[in-house]
Amino acid sequence: METMFDTLLQLPLFQGLCHEDFTSILDKVKLHFIKHKAGETIIKSGNPCTQLCFLLKGEISIVTNAKENIYTVIEQIEAPYLIEPQSLFGMNTNYASSYVAHTEVHTVCISKAFVLSDLFRYDIFRLNYMNIVSNRAQNLYSRLWDEPTLDLKSKIIRFFLSHCEKPQGEKTFKVKMDDLARCLDDTRLNISKTLNELQDNGLIELHRKEILIPDAQKLL
(Lines give C-alpha, C1' and ligand atoms only; values in the text may rest on other atoms or scores of the structure.)
Protein backbone atom coordinates (compact mmCIF):
# COMPACT_ATOMS: atom_id res chain seq x y z
CA MET A 1 0.00 0.00 0.00
CA GLU A 2 1.35 3.44 -0.97
CA THR A 3 2.21 5.63 2.02
CA MET A 4 2.05 9.41 2.30
CA PHE A 5 5.86 9.33 2.16
CA ASP A 6 5.71 7.62 -1.25
CA THR A 7 3.07 10.08 -2.49
CA LEU A 8 5.20 13.09 -1.54
CA LEU A 9 8.22 11.64 -3.32
CA GLN A 10 6.16 11.47 -6.53
CA LEU A 11 5.55 15.22 -6.49
CA PRO A 12 7.55 17.02 -9.19
CA LEU A 13 9.58 19.18 -6.80
CA PHE A 14 10.81 16.19 -4.81
CA GLN A 15 11.52 13.75 -7.63
CA GLY A 16 15.16 12.71 -7.60
CA LEU A 17 15.70 13.36 -3.89
CA CYS A 18 17.17 10.40 -2.04
CA HIS A 19 15.22 8.98 0.89
CA GLU A 20 17.87 10.20 3.34
CA ASP A 21 17.56 13.84 2.21
CA PHE A 22 13.78 13.62 2.10
CA THR A 23 13.62 12.15 5.60
CA SER A 24 15.83 15.01 6.79
CA ILE A 25 13.44 17.53 5.22
CA LEU A 26 10.41 15.92 6.87
CA ASP A 27 12.14 16.08 10.24
CA LYS A 28 12.54 19.86 9.92
CA VAL A 29 9.50 21.13 8.08
CA LYS A 30 6.02 21.54 9.46
CA LEU A 31 3.72 20.10 6.81
CA HIS A 32 0.10 21.22 6.78
CA PHE A 33 -2.05 18.33 5.56
CA ILE A 34 -5.63 19.39 4.84
CA LYS A 35 -8.67 17.49 3.60
CA HIS A 36 -11.19 19.49 1.56
CA LYS A 37 -14.79 18.57 0.79
CA ALA A 38 -16.13 18.75 -2.77
CA GLY A 39 -17.14 22.34 -3.54
CA GLU A 40 -14.82 23.86 -0.94
CA THR A 41 -12.59 26.74 -2.07
CA ILE A 42 -8.95 25.84 -1.42
CA ILE A 43 -7.35 29.05 -2.68
CA LYS A 44 -9.01 32.27 -3.81
CA SER A 45 -7.76 34.38 -6.71
CA GLY A 46 -5.94 37.52 -5.55
CA ASN A 47 -4.83 36.07 -2.21
CA PRO A 48 -1.09 36.31 -1.44
CA CYS A 49 0.94 33.21 -2.35
CA THR A 50 2.91 32.55 0.85
CA GLN A 51 3.40 28.80 0.48
CA LEU A 52 3.80 25.93 -1.94
CA CYS A 53 0.57 23.97 -2.06
CA PHE A 54 0.51 20.41 -3.43
CA LEU A 55 -2.56 18.48 -4.49
CA LEU A 56 -1.95 14.94 -3.25
CA LYS A 57 -5.28 13.26 -3.95
CA GLY A 58 -8.48 14.02 -5.80
CA GLU A 59 -9.44 16.52 -8.47
CA ILE A 60 -9.67 20.31 -8.36
CA SER A 61 -11.25 22.97 -10.56
CA ILE A 62 -9.07 25.88 -11.63
CA VAL A 63 -11.27 28.96 -12.03
CA THR A 64 -9.77 31.92 -13.91
CA ASN A 65 -11.63 35.15 -14.70
CA ALA A 66 -10.73 37.47 -17.55
CA LYS A 67 -10.50 41.19 -16.87
CA GLU A 68 -13.89 42.75 -16.19
CA ASN A 69 -15.24 39.17 -15.96
CA ILE A 70 -15.94 39.02 -19.69
CA TYR A 71 -15.41 35.27 -19.54
CA THR A 72 -14.43 32.59 -17.06
CA VAL A 73 -12.41 29.46 -17.72
CA ILE A 74 -12.83 26.38 -15.52
CA GLU A 75 -10.63 23.33 -15.96
CA GLN A 76 -10.32 20.09 -14.05
CA ILE A 77 -6.91 18.95 -12.81
CA GLU A 78 -6.13 15.64 -11.10
CA ALA A 79 -3.50 14.92 -8.47
CA PRO A 80 -0.56 15.08 -8.20
CA TYR A 81 -0.36 18.79 -8.99
CA LEU A 82 1.61 21.79 -7.73
CA ILE A 83 -0.52 24.94 -7.48
CA GLU A 84 0.97 28.08 -9.06
CA PRO A 85 4.66 27.70 -8.12
CA GLN A 86 5.35 30.76 -10.32
CA SER A 87 3.35 32.96 -7.94
CA LEU A 88 5.71 32.39 -5.02
CA PHE A 89 8.22 34.94 -6.41
CA GLY A 90 8.26 37.86 -8.84
CA MET A 91 6.53 41.22 -9.10
CA ASN A 92 3.07 39.79 -8.48
CA THR A 93 2.94 37.23 -5.68
CA ASN A 94 -0.84 36.84 -5.61
CA TYR A 95 -2.68 33.80 -6.97
CA ALA A 96 -3.98 34.35 -10.52
CA SER A 97 -6.76 31.76 -10.24
CA SER A 98 -9.09 30.27 -7.67
CA TYR A 99 -8.90 26.56 -6.81
CA VAL A 100 -12.00 24.63 -5.78
CA ALA A 101 -12.25 20.99 -4.72
CA HIS A 102 -14.12 19.14 -7.49
CA THR A 103 -14.04 15.91 -5.47
CA GLU A 104 -12.79 15.33 -1.95
CA VAL A 105 -9.14 16.32 -2.13
CA HIS A 106 -6.06 16.17 0.08
CA THR A 107 -3.45 18.93 0.01
CA VAL A 108 -0.18 19.64 1.79
CA CYS A 109 1.41 23.07 2.11
CA ILE A 110 4.97 24.21 2.83
CA SER A 111 5.68 27.80 3.86
CA LYS A 112 7.74 30.12 1.64
CA ALA A 113 10.05 30.78 4.60
CA PHE A 114 10.99 27.08 4.80
CA VAL A 115 11.42 26.87 1.03
CA LEU A 116 13.96 29.71 1.21
CA SER A 117 15.73 28.65 4.39
CA ASP A 118 15.99 24.89 3.81
CA LEU A 119 14.59 23.42 0.60
CA PHE A 120 16.63 25.63 -1.72
CA ARG A 121 19.76 24.16 -0.14
CA TYR A 122 19.11 20.93 -2.04
CA ASP A 123 20.35 21.02 -5.64
CA ILE A 124 17.65 18.62 -6.84
CA PHE A 125 14.87 20.73 -5.35
CA ARG A 126 16.27 23.95 -6.88
CA LEU A 127 16.62 22.32 -10.28
CA ASN A 128 13.12 20.86 -10.13
CA TYR A 129 11.66 24.23 -9.18
CA MET A 130 13.55 26.10 -11.91
CA ASN A 131 12.56 23.50 -14.51
CA ILE A 132 8.86 23.76 -13.61
CA VAL A 133 8.84 27.57 -13.79
CA SER A 134 11.06 27.66 -16.91
CA ASN A 135 8.94 25.10 -18.77
CA ARG A 136 5.83 27.13 -18.04
CA ALA A 137 7.46 30.35 -19.29
CA GLN A 138 8.74 28.62 -22.44
CA ASN A 139 5.35 27.10 -23.21
CA LEU A 140 3.61 30.45 -22.85
CA TYR A 141 6.27 32.19 -24.97
CA SER A 142 6.00 29.59 -27.74
CA ARG A 143 2.26 30.25 -27.99
CA LEU A 144 3.00 33.85 -28.96
CA TRP A 145 4.99 32.64 -31.97
CA ASP A 146 2.57 30.02 -33.25
CA GLU A 147 1.68 30.30 -36.92
CA PRO A 148 -1.35 32.57 -37.43
CA THR A 149 -4.60 30.71 -37.95
CA LEU A 150 -6.49 31.32 -41.18
CA ASP A 151 -9.96 29.91 -40.58
CA LEU A 152 -12.40 30.71 -37.79
CA LYS A 153 -12.54 27.13 -36.51
CA SER A 154 -8.77 27.18 -35.87
CA LYS A 155 -9.03 30.60 -34.22
CA ILE A 156 -11.69 29.35 -31.80
CA ILE A 157 -9.72 26.23 -30.93
CA ARG A 158 -6.58 28.30 -30.41
CA PHE A 159 -8.52 30.66 -28.14
CA PHE A 160 -9.71 27.71 -26.05
CA LEU A 161 -6.32 26.01 -25.74
CA SER A 162 -4.33 29.19 -25.12
CA HIS A 163 -6.42 29.85 -22.01
CA CYS A 164 -5.87 26.41 -20.48
CA GLU A 165 -3.24 25.28 -18.01
CA LYS A 166 -3.02 21.87 -19.68
CA PRO A 167 -4.24 20.77 -23.13
CA GLN A 168 -5.98 17.71 -21.68
CA GLY A 169 -9.14 17.03 -19.72
CA GLU A 170 -12.44 18.79 -19.26
CA LYS A 171 -12.70 22.57 -19.72
CA THR A 172 -15.63 24.94 -19.35
CA PHE A 173 -15.82 28.44 -20.82
CA LYS A 174 -18.50 30.67 -19.36
CA VAL A 175 -18.93 33.37 -21.99
CA LYS A 176 -21.65 35.16 -23.90
CA MET A 177 -21.64 34.65 -27.65
CA ASP A 178 -21.35 38.42 -28.24
CA ASP A 179 -18.31 38.65 -25.96
CA LEU A 180 -16.63 35.67 -27.63
CA ALA A 181 -17.26 37.28 -31.03
CA ARG A 182 -15.56 40.49 -29.85
CA CYS A 183 -12.58 38.53 -28.48
CA LEU A 184 -12.15 36.79 -31.83
CA ASP A 185 -12.96 39.87 -33.92
CA ASP A 186 -15.73 38.18 -35.88
CA THR A 187 -19.49 38.24 -36.12
CA ARG A 188 -21.78 36.56 -33.65
CA LEU A 189 -23.40 34.63 -36.50
CA ASN A 190 -20.10 33.20 -37.74
CA ILE A 191 -19.03 32.27 -34.20
CA SER A 192 -22.34 30.53 -33.52
CA LYS A 193 -22.21 28.61 -36.81
CA THR A 194 -18.64 27.39 -36.20
CA LEU A 195 -19.35 26.40 -32.60
CA ASN A 196 -22.33 24.36 -33.75
CA GLU A 197 -20.10 22.58 -36.25
CA LEU A 198 -17.69 21.71 -33.44
CA GLN A 199 -20.63 20.45 -31.41
CA ASP A 200 -21.87 18.32 -34.32
CA ASN A 201 -18.39 16.74 -34.44
CA GLY A 202 -18.62 15.86 -30.73
CA LEU A 203 -15.80 18.19 -29.69
CA ILE A 204 -17.81 20.60 -27.55
CA GLU A 205 -21.22 20.93 -25.90
CA LEU A 206 -23.10 24.22 -26.08
CA HIS A 207 -25.20 25.44 -23.17
CA ARG A 208 -26.63 28.83 -22.26
CA LYS A 209 -23.66 31.21 -21.84
CA GLU A 210 -21.40 28.17 -21.47
CA ILE A 211 -19.20 26.00 -23.68
CA LEU A 212 -18.16 22.61 -22.33
CA ILE A 213 -15.11 20.84 -23.77
CA PRO A 214 -15.25 17.21 -22.54
CA ASP A 215 -11.66 16.49 -23.61
CA ALA A 216 -9.42 19.32 -24.85
CA GLN A 217 -6.96 16.77 -26.24
CA LYS A 218 -9.42 16.05 -29.06
CA LEU A 219 -9.17 19.65 -30.24
CA LEU A 220 -5.47 19.29 -31.09
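Helices (H or I, at least four residues) and strands (E, at least two) are DSSP runs, numbered from the N terminus.

**Entry 1: ground rules.** I am looking at a predicted model, where local features need pLDDT of at least 70, side-chain atom pairs count only at pLDDT 80 or more, and totals for chains, interfaces and linings use all residues. Residues are numbered from 1 along each chain as its sequence is written, and side-chain values use heavy atoms, leaving out hydrogens and water.

**Entry 2: helix H7.** I looked up its length first. H7 runs over residues 188-200, and its 13 residues at 1.5 Å each should span 18 Å, which agrees with the 18 Å between its end C-alpha atoms. (The expected span is 1.5 Å times one less than the number of residues.)

Which residues of H7 are buried? I found Ile 191, Thr 194, Leu 195 and Leu 198; buried means under 20% relative accessible area, exposed over 50%, partly exposed in between (1.4 Å probe, protein chains only). These four cover an arc of only 100 degrees around the axis, so they sit on the same side of H7. The arc is taken from the directions from the helix axis to the C-beta atoms. On the face turned away, I noted exposed Leu 189, Lys 193 and Asp 200.

The buried residues of H7 pack against helices H5 and H6 and strands E10 and E11 (contact means heavy atoms within 4.5 Å). After H7 comes Gly 202, with a positive phi near 75 degrees.

**Entry 3: strand E3.** Five of the seven residues in E3 (51-57) are buried. E3 pairs antiparallel with E8 over six bridges (pairing needs at least two DSSP bridges), and Phe 54 stands opposite Val 108 there.
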